[in-house]
Amino acid sequence: CPSPRLLSTAEPAINRHQFQAETRQLLDIVAKSLYSEREVFLRELISNAADALEKLRYRQLQGEEIESPELEPRIQISFSSSLKSITIEDSGIGMTREELISNLGTIARSGSKEFVKKADQGGD
């Protein structure tokens with residue numbers, strides 16, 4: 001005959017352990033897995049060009065003086081078989097030095113989202 005089980009009404013002890021990881025190493029792994037796929041990397045570069053055009057459009061709507069307002073918004077993608085390269089050019093507004101420092105090497109941060117947030121707050 002099996003022995004009866006005792007039911008405990010006491011709450012079990014909770015043990016908490018902090019997750020530890022080398023953040024830089026983890027980000028390198030994520031970046032490598034994301035950007036080793038050529039299609040993902042190319043899509044990210046085209047997305048960045050679209051962000052630059054959106055920044056230009058917003059500034060024009062705000063009445064800011066633009067260096068070359070006659071330029072049509074465009075993203076141009078060209079290929080060179082001899083150099084084995086793809087070149088992506090846009091006529092938008094690039095990043096400031098501060099934006100470059102803040103965004104280069106960052107994964108999963110939307111430049112457009114940050115730009116819209118700043119614009120809503122009245123910043124640049």
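Student: Is Arg57 buried, partly exposed or exposed?
Tutor: Keep in mind that this is a predicted model. In it, Arg57 is partly exposed, with a relative accessible area of 41%.

Student: Which residue forms a salt bridge with Arg57?
Tutor: Glu54 does. The closest N and O atoms of the two are 2.6 Å apart.

Student: Where do Glu54 and Arg57 lie?
Tutor: Both are in helix H2, residues 38–61. They sit 3 residues apart, about one turn of the helix.

Student: And Glu54, buried or partly exposed?
Tutor: Partly exposed, at 34% relative accessible area.

Student: How many salt bridges does the count come to?
Tutor: The count comes to 4. Among them is the one between Glu99 and Lys55, at 2.9 Å, N to O.

Student: Which parts of the chain does that pair link?
Tutor: Distant ones: Glu99 is in helix H3 and Lys55 in helix H2. The two residues are 44 apart.

Student: Is Lys55 buried or exposed?
Tutor: Buried, with a relative accessible area of 7%.

Student: Why does Glu99 count as buried?
Tutor: Because its relative accessibility is 18%, and buried means under 20%.

Student: Which side chain meets Arg43 in a salt bridge?
Tutor: That of Glu44, at 3.5 Å, N to O.

Student: Arg43 first: buried or exposed?
Tutor: Arg43 is exposed, with a relative accessible area of 52%. Glu44 is partly exposed, at 25%.

Student: New topic. Where is Ser91?
Tutor: In the loop between strand S2 (85–90) and helix H3 (97–103).

Student: It's in a loop, then. Buried or exposed?
Tutor: Ser91 counts as buried, at 14% relative accessibility.

Student: What lies 2.9 Å from a polar atom of the Ser91 side chain?
Tutor: The backbone oxygen of Glu72.

Student: And what lies 3.0 Å from a polar atom of that side chain?
Tutor: The backbone nitrogen of Arg74.

Student: Which residues does Ser91 touch, leaving out those up to four places away in sequence?
Tutor: Leu53, Leu56, Glu72, Pro73 and Arg74. So Glu72 and Arg74 come up in the contacts, and Ser91 itself is buried at 14%.

Key: Residues are numbered from 1 along each chain as its sequence is written. This is a predicted model: local features need pLDDT of at least 70, side-chain atom pairs count only at pLDDT 80 or more; totals for chains, interfaces and linings use all residues. Side-chain values use heavy atoms; hydrogens and water are left out. Helices (H or I, at least four residues) and strands (E, at least two) are DSSP runs, numbered from the N terminus. Buried means under 20% relative accessible area, exposed over 50%, partly exposed in between (1.4 Å probe, protein chains only). A polar contact is a pair of N or O atoms within 3.5 Å; within protein, one must be able to donate a hydrogen and the other to accept it, and residues adjacent in sequence count only if both atoms are side-chain atoms. Contact means heavy atoms within 4.5 Å.
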